[in-house]
Every structure is written in structure tokens, then in C-alpha cells.
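Please keep the sequence and the coordinates in view while reading.

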Amino acid sequence: MGLLGPQQPRGEQAIATKMSSRRNRISDEEINELISKLQSLLPESRRRNIGRASASKLLKETCSYIKSLHREVDDLSDRLSDLIATMDSNSPQAEIIRSLLRS
Amino acid sequence: MNRKHRTKNPNNNKLMLAFHFLRALARINKSTSTVSSYQRSCIIKRAAYASMAHAAGPRRAWSRALLYRLRRGSSRLHALPAIRRTRSFSHKRVKVASPKLREPNQADVLRRLVPGGEAMELSSLLKETAHYIQCLSAQVWLMQNVVGSITS
């Protein structure tokens, strides 16, 4: 809503400054909490790689993680496409039941 | 809002996901015998995102945005090019002289990755991102299981 002035610092400074300059009372604390929640959602290997990261690095890692998940969906769609073509028509039902029971 | 009702039961969510996606897969299996493997793959991918969005329900901005894009038949489901923006402040940021000028603002990168994120302010964006990641990884888990059960 156009509350920002003409000159804004970038990067993680921008996150903190932008938040305190807004009048909508979202505290830096809340932002930090939300960012640590995102950190907890990263898989173990990524969390280990970044160690004690700044907010900006965490967001970057989160973006990288989301992109890798998108790529996995693409790859799995390709594999499913090939697998389905070779399946006979009775298999979907059996495999539906198996998957549901597994979870 | 009744918070008790909204306690997330991850198993329920996974079952809903499985229900939507497997039903779509069964339908795709029957109806796509004549299309190319690549086309079927695109159909499956769209079914994956549709199941995610349906299982998440309309309460989330990202699921609403995804369903909107899917219904419009748009070819890009996420990472839209950052040309049309409702706010101008991101334009202003580009003109600022700063040592970090070349590094894109990570929050903006995130906005393009999370459906519906372009118009969000930061705290909503972070909340939506958390939920989106949880649902996306559940979808990946489901697809891996389906592949596993077909190939075993």
C-alpha cells in the first residue's frame, strides 16, 4: 500500500526496515518466528548446510528447496506417465488400496 | 475461527491428497492411451497440483491461486515472470544504489515461487510458504509412494 519511501535498503536490512516502517504492527519478532518456522521445515541436509543463517540466507535456501520440490514433481510426473502406460487397467484400483493402507 | 477444528492431522491431509490424486491417476490411465508420454506427463503434473490445492482447501491463498490458474488453463503454474506487479515499490528498489544491488531480494524470489505470493506482504507470505512447503512435500511423498507401489 505505498507506505515505502523512495530509497530502500535491500536484502535482509530491507526486511527489518520495511517492517518497522509500516504502520500495520507486524513486529520483527513475528517475522523472525515465521522465518525460524521455515527453517524447521527444511530437510535435515539443508539445515545442516546453512548452519546459523541470516534471514536472507534462510529465504534463499527456502526458495532453493521449493524449486527442488517443483523439479521432483516434474520428474515424478514423467515417471508416472511412463509407468501408467505400461500398467494394465486393473492395477490402479489395487495400487490405490495399497497406497492408502500404507499411510 | 474454531482453532480446535483446524488442528492439522497430517494423516487426514495425506489421505485427502491420496484420494484426489489417485482418482485423477485412474482417470488419466483410462483416457490417455493415445497421447504422447510427454503430454500425459503434463496432465499428471497438473493433476498433482490440482490435488494439492483441493486437499488444502480454499482457506489458503496459495491453494486458491493455484486453482484459479488451473481453471484458466494457464500453462505456467508457478514462477510467473515478474513483469506485472500491483505495487510499484519493487521497481523503486531496483533504482537504489546499494552494494547488494545485483542480488535479487529473496522475498521477491519467494513471491514468484509460492502461488498467489506476488501481492502478499511479508508475514502472510512466510505463513503461506510454510503451508505450501508442507503440502508440496506431502505431494512428492505421495507420488514417490505411487511410483514405488507400481514398480514393486
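Helix α3 of chain B contains B:Arg71. In this predicted model, B:Arg71 has a relative accessibility of 65% and therefore counts as exposed, the threshold for that class being over 50%. Between B:Arg71 and B:Asn29 there are 42 residues of separation along the chain, and their C-alpha atoms are 21 Å apart.

Of the 152 residues in chain B, 49% are buried. The accessible surface of chain B amounts to about 8300 Å², and carbon and sulfur atoms account for 54% of that area. When contacts in chain B between residues at least 6 apart in sequence are considered, 56% of them join residues at least 24 apart.

Charged pairs give a further view of the model. Over all chains, the structure holds 7 salt bridges. One of them joins the side chains of B:Arg60 and B:Glu128, with an N to O distance of 3.9 Å. B:Arg60 is placed in the loop between α2 (37-56) and α3 (61-71) of chain B, whereas B:Glu128 belongs to helix α6 (residues 122-151) of chain B, so this pair ties together parts 68 residues apart in sequence. Both partners fall below the 20% limit for burial: B:Arg60 is buried at a relative accessible area of 16%, and B:Glu128 is buried at 9%.

A second salt bridge in chain B is formed by B:Asp108 and B:Arg111, whose closest N and O atoms lie 3.0 Å apart. Because these two residues are 3 residues apart in helix α5 (residues 106-113) of chain B, about one helical turn separates B:Asp108 from B:Arg111. Both B:Asp108 and B:Arg111 are buried.

Attention now turns to chain A. There, a salt bridge brings together the side chains of A:Arg46 and A:Glu61, at 2.8 Å from N to O. This pair links distant parts of the chain, with A:Arg46 in helix α3 (residues 44-50) of chain A and A:Glu61 in helix α4 of chain A, 15 residues apart. A:Arg46 is buried, its relative accessible area being 17%, and A:Glu61 also counts as buried, at 16% relative accessibility.

A:Arg46 also figures in the surroundings of A:Tyr65. Which residues does A:Tyr65 touch, not counting residues up to four places away in sequence? The contacts are with A:Leu41, A:Leu42, A:Pro43 and A:Arg46 in chain A, together with B:Ile133 and B:Ser137 in chain B. A:Tyr65 is located in helix α4 of chain A and is buried, with a relative accessible area of 9%. Between A:Tyr65 and A:Thr86, the separation is 21 residues in sequence and 32 Å in space, C-alpha to C-alpha.

Helix α4 of chain A, which spans residues 55-86, also holds A:Asp82. Is A:Asp82 buried or partly exposed? With a relative accessible area of 45%, A:Asp82 is partly exposed. A:Asp82 belongs to a surface patch of negative charge, in which it gathers with A:Glu72, A:Asp75 and A:Asp78.

Key
Residues numbered from 1 in each chain as written. Chains lettered and ligands numbered in written order. Predicted model: local features only at pLDDT ≥ 70, side-chain atom pairs only at ≥ 80, totals over all residues. Heavy atoms only, no water. Patch = residues over 30% accessible without salt bridge, like charges linked within 9 Å, V, L, I, M, F, W, Y side chains within 5 Å. Areas by Shrake-Rupley, 256 points an atom, 1.4 Å probe, with all protein chains shown as cover. Salt bridge = Lys/Arg side-chain N within 4 Å of Asp/Glu carboxyl O. Lys, Arg positive; Asp, Glu negative; His and termini not counted. Charge placed at Lys NZ, Arg CZ, Asp CG, Glu CD. Helix = DSSP H or I, 4+ residues; strand = E, 2+ residues; numbered from the N terminus. Buried < 20%, exposed > 50% of the residue type's maximum accessible area, 1.4 Å probe, protein only. Contact = heavy atoms within 4.5 Å.
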